[in-house]
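I opened this structure for the first time today and kept notes as I went. Here is what I looked up, entry by entry.

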Amino acid sequence: MNTSEPTLLSDRRGCLIALEGCDGAGKSSQAGKILEWLQEQGIRAILTKEPGGCPLGDKTREWLLCGENTLAPETELLLLFAARVEHIRTVIAPAIEQGIWVVCDRFVDASYAYQGAAGVETRYIDQLSQWLVEPYQPDLVLLFDASPELLAQRIHNRGAADSMESRHGNYHEKVRSIYLGRAGHCPERYRIIDAGCSIAQVSAALYSILLDWIHRND
Ligand SMILES: Nc1ncnc2c1ncn2[C@@H]1O[C@H](COP(=O)(O)OP(=O)(O)OP(=O)(O)O)[C@@H](O)[C@H]1O
Ligand SMILES: [Mg+2]
């Protein structure tokens with residue numbers, strides 16, 4: 001190893017780990033466990049989420065998920081990126097620059113998957129992402145994957161569906177396929193997790209992936 005150039009993990013910059021995947025895949029159920037596991041490894045880390053993580057993000061979440069959301073997908077995209085800019089500026093960037101790792105429950109890939117599935121062309125999302133998210137693209141994306149049928153059952157069991165969850169037709173299949181397509185194009189940055197397993201099995205798979213990824217980048 002060339003010791004004159006800091007590697008990803010020995011660098012003082014913190015890492016950004018995004019949790020992605022369709023509604024009900026189990027991201028939020030695992031987010032706190034991932035945080036705890038990182039802290040047990042001696043890594044300073046925080047947990048945040050999108051939309052959310054800052055006041056504009058919280059308002060955006062409320063609006064997007066409420067039953068009155070009849071916004072055009074382009075409007076949703078711009079609102080999400082506006083909130084993302086504030087989230088990066090006030091939470092993500094300050095942590096990363098202090099060497100703190102950030103676990104983010106959904107991030108920029110969700111815009112590609114959800115607004116992409118609703119019809120927004122990828123090139124516009126690419127432009128916003130390059131303009132507004134660099135240099136805070138995720139170092140690692142953990143993609144929770146399971147069949148839409150299984151996830152629909154979980155969402156049903158969880159309670160009333162929000163406006164995103166209750167979209168019909170093949171919307172969720174499209175979301176899944178965009179996520180898998182992005183992971184396929186960049187395997188070094190993405191890890192696909194079989195989210196159809198039990199909560200304990202998913203946790204074990206995540207810890208193993210994280211351990212391997214930490215060793216590779218150390
Ligand atoms: N591996 C699992 N096996 C069975 N049930 C699970 C599993 N993971 C999560 N669940 C349950 O499925 C539901 C959805 O999980 P969770 O809220 O963590 O998903 P999510 O990916 O965060 O969804 P969303 O994208 O809608 O926020 C919850 O009721 C949760 O208890
Ligand atoms: Mg969640």
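Before using any labels, I noted how they are assigned: helices (H or I, at least four residues) and strands (E, at least two) are DSSP runs, numbered from the N terminus. I also reminded myself that this is a predicted model.

**Entry: cis prolines**

I started with P51, which I found in the loop between β2 and α2. The bond joining E50 to P51 is a cis peptide bond, and I read an omega of about -15°. I then came to P135, in the loop between α5 and β4. The peptide bond from E134 to P135 is cis as well, with omega near -5°. I made a note that most peptide bonds are trans.

**Entry: D139**

I stayed in the loop between α5 and β4 to look at D139. Is D139 buried or exposed? Its relative accessibility is 17%, and the cut-off for buried is under 20%, so D139 counts as buried. I checked what its side chain reaches: one of its polar atoms lies 2.7 Å from the backbone nitrogen of L16. I also compared D139 with Y124: they are 15 residues apart in sequence, and their C-alpha atoms are 22 Å apart in space.

**Entry: the largest pocket**

I put its volume down as about 720 Å³. Which residues lie nearest the centre of the largest pocket? I listed D23, G24, K27, R106 and R158, out of 36 residues in the lining. Sorting the lining by class gave me 16 nonpolar, eight polar and 12 charged residues. Several helices supply at least two lining residues each, among them α1 (27–40), α6 (148–158) and α8 (199–217).

**Entry: D23 and R106**

Two of the residues nearest the pocket centre, D23 and R106, got an entry of their own. D23 sits in the loop between β1 and α1, and R106 in the loop between β3 and α4. D23 counts as buried because its relative accessible area is 9%. R106 is buried too, at 12% relative accessibility. Their side chains make a polar contact of 2.9 Å. The side chain of D23 also makes a polar contact with that of Y114, again at 2.9 Å. I then looked at the backbone of R106 and found a positive phi, near 75°, in a residue other than glycine. For context, most residues other than glycine have a negative phi.

**Entry: α4**

Y114 belongs to the buried residues of α4, which made me look at the helix as a whole. How many of the 10 residues of α4 are buried? Nine are, so α4 is largely enclosed by the rest of the structure. I traced what the buried residues pack against: β1, α3, α5, β4, α7 (171–185) and β5 (190–194). After α4 comes G119, whose phi is positive, near 115°.

**Entry: α3**

My last stop was α3 (73–97), which also supplies at least two residues of the pocket lining. I found a kink of about 50° in α3, centred on I88. I88 is itself buried, and so are other α3 residues, including H87, I92 and F81. The buried residues of α3 pack against several elements, among them β1 (16–21), β2 (45–49) and α5 (122–132). G99 follows α3, and I noted its positive phi, near 85°.

Conventions:
Residues numbered from 1 in each chain as written. Chains lettered and ligands numbered in written order. Predicted model: local features only at pLDDT ≥ 70, side-chain atom pairs only at ≥ 80, totals over all residues. Heavy atoms only, no water. 1 Å grid on protein atoms, 1.4 Å probe; cavity = no way out; pocket = protein on both sides within 12 Å on 5 of 7 lines; lining within 4 Å. Points joined across faces, edges and corners; volume = space filled by probe spheres on them. Nonpolar A, V, L, I, M, F, W, Y, C, P; charged D, E, K, R; others polar. Bend = angle between axes of the 7 residues up to and from the residue. Buried < 20%, exposed > 50% of the residue type's maximum accessible area, 1.4 Å probe, protein only. Contact = heavy atoms within 4.5 Å. Polar contact = N/O pair within 3.5 Å; in protein donor to acceptor, adjacent residues only side chain to side chain.
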